[in-house]
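Visitor: I would like to learn how to read the features of a model like this one. Please take me through them one by one.

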Amino acid sequence: MSRIGVFICHCGENIGATVDCERVARACAGIPGVVHSVDYKYMCSDPGQNMIKDAIRDHNLTGVVVGACSPRMHEPTFRRACEEAGLNPFLCEMANIREHCSWVHEKSEVTTEKAIDLVRVIVEKVRRNKPLFPIKVPVTKTALVLGGGIAGIQAALDIANAGHKVIMVERSPSIGGHMSQLSETFPTLDCSQCILTPRMVEVARHPNITLHTYSEIESLDGFIGNFKVKIRKKARSVDEKLCTGCGLCTQKCPTKKIPSEFDAGLGMRSAIYVPFPQAVPNKPVIDRLHCTFFLKGKCRLCEKVCPTQAIRFDQEDTIVEADIGAVVLATGFDIKHADFFPEYGYGAYKDVIDGLQFERLASASGPTLGEIRRPSDGRKPETVVFIACAGSRDPAKGIEYCSKICCMYTAKHAMLYRHKVHGGKAYIFYMDIRAGGKMYEEFVRRAIEEDGVRYVRGRVSRVYEREGKLIVQGADTLLGAQPVEIEADMVVLATAAVANDGAEELAQKMHVSYDAYKFFAEAHPKLKPVETNTAGIFLAGACQAPKDIPESVAQASGAAAKVSALFSQDELTREPVIAVVNRCAPPLYSTCVGCFLCQAACPYQAIEKEEIRARDGNLIKTVAKVNPGLCQGCGTCVAVCRTKAIDLQGFSNEQVFAEVMALLNRSEANAGI
Amino acid sequence: MEMETRLLKKEALAGLIEKINAAGRKIYAPVRVGDRDEFRPVDSASRIDLGCIQTTQSAKEVLFPRVERILSFSRRDGAMETADPDLSILPEVVLFGLHPCDAAAIGSLRAIFTWDTQDAFFTARLERLAVIGLSCAEADEYCFCTSVGLGPGATDGSDILLTRLASGDFLAEILTEKGRELAALSPGLFLSPPAGADKSSALAVVEASFTREQVRDRAKAGFDEDALWDGQALRCLGCGACAYVCPTCACFDIQDEGTTNRGVRLRCWDSCGFAAFTLHTSGHNPREEQGPRWRQRIMHKFSYMPERQNVFGCVGCGRCSRACPVDMNIKEHLIALLEARS
Amino acid sequence: MPEFEPRIVAFVCNWCTYAGADLTGTSRIKYSPNVEVIRFPCTGRIDFMLLLKAFAEGADGIIVSGCHPNDCHYTSGNFHARRRWILFRGLLDFMGIDVRRVQFSWVSAAEGAKWADVVNTTVEAVRKLGPYDNYRQIARSGGV
Amino acid sequence: MEELRKRAGNLLESGQVRVVIGYGEGTGKRVRAVFIQDAGQADCLIFDERCRQNLALYLTRHEVKKLGKPAIVASLPALRAILQLAGECQIAENDIVVLGIGEDGSMLDLPDFAAIEKHVASTVREPDPAEKAQFDLVLAMSLEERWKYWQEQLSRCFKCYACRQACPMCYCSRCTVECNQPQWIPVPSHDLGNLEWHVMRAMHLAGRCVDCGDCSRACPLDIPLYLLNRFLIMDIESRFNQRAGTTAALDYALSTFHPDDKDDFIR
């Protein structure tokens, strides 16, 4: 038999002015199972809390109901008080007679009546509450950072510097990401490589960081604190241990006309190559799709010239397995290329280039050593048109969002061009200038006012070639949509930033959700911007949405802080408000029939398969099992389960059912004894 | 009481129904409902389907409703009060057109409900019940009354048994005091029968395939023949259709419904065919599979009832076989049981 | 005869509508006392049978409310709930159950005023419809 | 029919299966499910237009599973049930042999679930005209008329659960009606108990029902239960473009969603 204590708070006048608290307490005393019912001015005060503690001891209470403010306000307070008095905190519940009653209704009989109802409902709930205990989950203090761009680098260094192990996995042969391709960075115009390279080196040298480049994730299983990852190390065809990075192989390689990915196709590389001089690790890889030996079966020139015999034509992919406790996804973004734009010639005009190509032209380490020259004939362009929002904010192209970085880098591009080609004319077609950010607006102003970049507000309808010139047709909406036609030598498209190829597949492997554009989804748009819905997996950088460098770095540090917080304890403590699959006597063992419809509905991939086996090892049945490390307690599975085999602790079927019953069947208590 | 035989002209039926109604008695008779026949309250003879071979459901609801309130409770001044239903308000009922198998089934039900204790609800209803039976002029392939000791013209359970003659008139056998009372409501309608009037020529022919005693002995001997019962039950769905249409199945469940303040205790039909019927709180189920449940059904009707209540639990009406969604044919299964070597 | 006072049960999620109703209180916006709230973690947790139970036990109207689409604390519980309600509501209507008595809404933690409005309009709508006699009648079929 | 018997016989003889679940002659003109365990008895297998029971229900029955690996005679509804059962992890591809029957009564070669999916995708079975007419009739009724209609229909129900037991998708070892803590559905077959039971049954089959109609056919009291299932099937198809029993991978309308699912009633 329950022994429930009811404590009605006046909250000064807040409740007391409209609800007859004494009557509520008196009425609740008449509810079967209630052995103690009192009212008090301020229940949350120390004397109020002491009343509860004393009553728990004096009356040997098995449940406590506090009729006061919203549980969202003081539930932790009262639960702690109960715990201090030796009562399991989950046997304490609050009835909200302030926000949901006294504050929203006039002083009247009806309002008091309603307060009694609300308390009575919670009494019926508490009667069915069960003691719950926090869930402990062990934590493996190693983080997996996926992606070696600036976000991944920052996250890895922050976590490593906090004293935890990090495994970094990068898909391409070197870390560095897009930032390593950039010339200068806005709004300071400092050299991208110069600020990035030391970080890259630090990653390579950090004793806490294990780096796997030219590697991809094969699978990720497990849950927060307890993931298992399989990493596929693609065959580099070079023994990394023996290779000294002398570069002889890349010089001697006869196949040299392969468009360089790093130079965005504007430069060439050999079949055995290091993507760029500052690459980390500075070890070449053989591009087997282009290597003569792999295509025709002979050559092996690199093997002959290698002073340390590091070439391994027979190397195979290897799988590395690791236990990890948290994941930072920092896989970055990609951009749309010129061939996405029929109106700009489908990429047919060599001098219509994208922003990343311009970066390579402007970079001192680029194919033109930093001189702005046309890809078609190497001439310096006298007029350059920059087109912002190429694809972005364009529902017709299926990219409705703003790519965010283009306004700033286009201003930078125009500025760099004006610096490098004296007398050159720079036009920017734009929709709006979005320069929110520290020193950003000033930067754009500088481009306009000091560097004479001409901003034309309007869209470009067409680019076509006429007598060696690119004719840019557009409209100036500030001049009443007047047609504008500019003869340009080069056109630079600020193409939309989009999710990486394979982002969807990766998200599925990682069990994180993604938006309509395949950017990874944060757990909450405001309050959980670095978390994903899968506990223990965090986001950093442009894989979540287009971001500039400072934002990516900030988010990376944020993710690293989350990981470090997680790793600061040996065990993870979680609220026990989670779903559980029932167990019952043989031969049923559980009423779960193993249909796993719940598994599909669970937003957290928290439902696993569990095999119930007899003592002889024979499989009896396969049932659902809720992983307490992953379950967040939403209860969607409970409503999906036909056999009621899953129940939610704290909001169990019995509890909510009893609440409905109690609410609608006013007892004698309401009559006011 | 000495049996009396009278003639009820076909035109007189309407008058008989009217008189019974006028006497404040509620009449249930077979009525065509959609593609089925069912017992329904009638107030005129024209609604009655006299040609019906068998109603889908039996008439047992008149004595044993599918849901019956047996107790009410409420909380007053912190204490629980209980109240019994008022049985004195139950109406006087006449079941009209009950075939001999169904009429005989009343005896089986009575045996169950009065075996150890007198079931107040059942007996109160039974006291208020009179039966005007109707011999079977037709039978179908499911009928096997003659194999269980009955027949198309059997009088067991009827207070008056009507047999429709070739002329359309009814030969009325007034069998009991209750029957005489009914006839007395309209004495002018019950005429002297013509000389040589004989109901046997007006009865359906139902070939006997076995005797119930044979089944009793064979079933008892075959209790442990799992393969036999399992094999027969393999296609059985485990639903309760057979039990619920059966005129003698009397299993019930007790359910309390209500809230903290008031509630009722209900008796409602149950069936030994259901998996949960014998489920123990421990999780153990002595009849885990359908085979033993099927065996139970047969054993109860042919072995346990004759043993304990001295009456058989099957009247050969064939309803269970007709209603079964998967064609579990009891007659066929009983024949198979007898033919199987033990 | 006093005016009919409908009884409305509200099934709400903890993170949006319950918090929104808290805000209604904090903002001291008055609304009809005919509604009483039962708190769930998420609309995804609300079993459709509870709605029928509420009618059976004498509710004249029901409010089901949670986070706006895309705002679910658990990402997608409300999306699952929405599908469930789309089908359930259709089925009830097909069976002749008066779905005008069931108000579904999205009320965020910031929409204190909207909560008051949802309650008031639902109470008024149900008041006009009168007591749910059809359902009460069958609810009494067991004799309770 | 000859081919069916031959294939069934071969399967049993070669030991590939231990039992063939098929149809045989029953009482009078009725047919019934038969469980052939001996190749010599394969000749009692039949298939014709009377063979409508969805035999897939027996695949999840403990008593039948005990017999060993089954082959099952399956026309469209059973094939759909097989796919849905596979999606719900109740049967695996290698656990059964499917003796598929085409809409024209001919034998199909359905070696795997992919072949069943293909056949199901390319086969249309028009709803029974009388059933469709009844459906449209109910749909056209006013709210009050619909209430009366269903109250009258459901008042007949005596809760024999033939509808549930005949359903291939009702394989739960404990049905919700058997849950008594709390007692979700009243056990008695009074008006409330009947309404709640049938609402619950329909909802639990929403997105899972393969539209075989066996619930209605099993009902000894002719309650048109198919109307409820059909309503939800049509709703799910038109709103969410999903159909149960079309794929062996789970695609359940109530465990999936689309952020743009349309409703016209949520404030």
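Visitor: How many salt bridges are there over all chains?

Guide: Side chains of opposite charge can pair when their charged atoms come close. The rule used here asks for a side-chain nitrogen of Lys or Arg within 4 Å of a carboxyl oxygen of Asp or Glu. By this rule the count over all chains is 94 salt bridges. This is a predicted model, in which local features need pLDDT of at least 70, side-chain atom pairs count only at pLDDT 80 or more, and totals for chains, interfaces and linings use all residues. Residues are numbered from 1 along each chain as its sequence is written, chains are lettered from A and ligands numbered from 1 in the order in which they are written, and side-chain values use heavy atoms, with hydrogens and water left out.

Visitor: Which residue forms a salt bridge with D287(A)?

Guide: The partner is R269(A), with the closest N and O atoms 2.8 Å apart. D287(A) lies in the loop between β16 (285-286) and α10 (292-296) of chain A, and R269(A) in strand β14 (residues 268-269), so the pair ties together parts that are 18 residues apart in sequence. Helices (H or I, at least four residues) and strands (E, at least two) are DSSP runs, numbered from the N terminus.

Visitor: Is D287(A) buried or exposed?

Guide: Buried means under 20% relative accessible area, exposed over 50%, partly exposed in between (1.4 Å probe, protein chains only). D287(A) is buried at 10%. R269(A) is buried too, at 8%. Now take E303(A) and R300(A), whose side chains meet in a salt bridge at 2.7 Å, N to O. E303(A) is partly exposed, at 29%. R300(A) is also partly exposed, at 33%.

Visitor: Where do D47(C) and K644(A) lie?

Guide: Their side chains meet in a salt bridge at 2.4 Å, N to O. D47(C) lies in the loop between β2 (35-40) and α2 of chain C, and K644(A) in the loop between α18 and β34 of chain A, so the pair joins two chains. D47(C) is buried, with 2% relative accessibility. K644(A) is buried as well, at 8%. Elsewhere, salt bridges that share partners link D351(A), R374(A), D377(A), R379(A), K469(A) and D489(A) into one network.

Visitor: How many residues does the contact take from chain A and from chain C?

Guide: Contact means heavy atoms within 4.5 Å. Chain A gives 44 residues and chain C gives 43. The size of an interface is often given as the accessible area lost when the parts come together. Here buried area is that loss (1.4 Å probe), summed over both parts. Chain A and chain C bury about 3900 Å² between them, 57% of it on carbon and sulfur atoms.

Visitor: What is the count of salt bridges between chain A and chain C?

Guide: The count is four. In one salt bridge, R7(C) meets D117(A) at 3.2 Å, N to O. Elements giving two or more residues to the chain A side include α6 (109-127) and α19 (653-664). The largest share, eight residues, comes from α19(A).

Visitor: Why is strand β7 (residues 129-134) of chain B largely enclosed?

Guide: Six of its six residues are buried, so the rest of the structure largely encloses β7(B). L129(B), V131(B) and G133(B) cover one side, and A130(B), I132(B) and L134(B) the other. Two strands pair if DSSP finds at least two bridges between them. Strand β6 (residues 93-98) of chain B pairs with β7(B) in the parallel sense over five bridges.

Conventions: Buried area = accessible area lost by both parts, 1.4 Å probe.
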